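Dear colleague,

I am handing over the structure below, and I would be grateful if you could look through it alongside the notes that follow.

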Amino acid sequence: MLSFWSDYYYLVILLNIACIVHAIKSGNREAIYLLIFLPGIGAAIYFFMEIMPDISNGNIGQQLLRLLSPNGRINEWEKRVRLSDTVTNRMQLAEAYAGQKHYDKAVDLAQSCATSYPSDQGILLQLSRFQFMNQQYAASIASFDKLNKMPGVRMNNVADELMYAQALEATAQADKAEQAYQRIIQVHHSLEAMYHYGIMLRKQGRNTEAKAQFERTKAEFSMHPRYIRRTIRIWVWLSRKELATLKA
């Protein structure tokens, strides 16, 4: 038993450190205590409860691929575009650029596709997202508005709605941004929207209302399904940090 422990002791330490880093990035503060005070056993529990689902969903594999070959997907789609310069291939290349934060290139490609196919809702939606990521907030709002005016279109993806609200805030359209945040919170109970709305309120000096939003993230966390909590606890953690500074 002692020989086994001595042989694998460093692997246990590395696993524990990897789990702690993962917990910090995901805002899982409670798990950090488990990993510190129960090294080895805590890491095993955390691995199977938190990291294994990511592996099953392919998230870890994609992250490792991006880490080991950050431009691999870009190179692949650049070759495909050279072989066959289709809109589909160009939009895939745009997504690859965005995945590596080359948002200007993603916008240029998507814009060229949108010019060729101005009524394609999928292209316009991606263009709206890329423009937001590239901090072209006014252009992103215009693209989202154009999309929403198309027949049969109703933007109801919480991530897209949140981009729209943040773009409104970034372009000093505070009243419209507030309405957008409130709608997202009412319809989707989005903890991310609560946090960003709280930040906006705090910037406006409305600290009591901001505090209420940060408190709300904690209150509503348990209302979400367990498999969702893993991805949204970061907003509770960030809200707690804001509350700590508001109380100081």
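**What was found**

Leaving aside residues up to four places away in sequence, Glu242 touches Tyr195, Ile199, Arg202 and Phe214, where contact means heavy atoms within 4.5 Å. This is a predicted model, in which local features need pLDDT of at least 70 and side-chain atom pairs count only at pLDDT 80 or more, while totals for chains, interfaces and linings use all residues. Residues are numbered from 1 along each chain as its sequence is written, and side-chain values use heavy atoms, with hydrogens and water left out.

Glu242 lies in helix H14 (residues 226-247), helices being DSSP runs of H or I with at least four residues, numbered from the N terminus. Glu242 has a relative accessible area of 17% and is therefore buried (under 20% relative accessible area, with a 1.4 Å probe and protein chains only).

In the largest nonpolar core, which has 55 residues, those that touch the most other members are Leu93, Phe130, Tyr181 and Leu191; such a core is a set of buried Ala, Val, Leu, Ile, Met, Phe, Trp, Tyr and Cys residues joined through side-chain atoms within 4.5 Å. Helix H12 (residues 191-203) supplies the largest share of this core, eight residues. Phe130 has among its contacts Met91, Tyr103 and Val107, not counting residues up to four places away in sequence.

Finally, where helix H10 (residues 158-170) meets helix H11 (residues 174-188), the residues in contact include Leu162 and Ala165 in H10 and Tyr181 and Ile184 in H11.

With best wishes

How values were computed. Helix = DSSP H or I, 4+ residues; strand = E, 2+ residues; numbered from the N terminus. Buried < 20%, exposed > 50% of the residue type's maximum accessible area, 1.4 Å probe, protein only.
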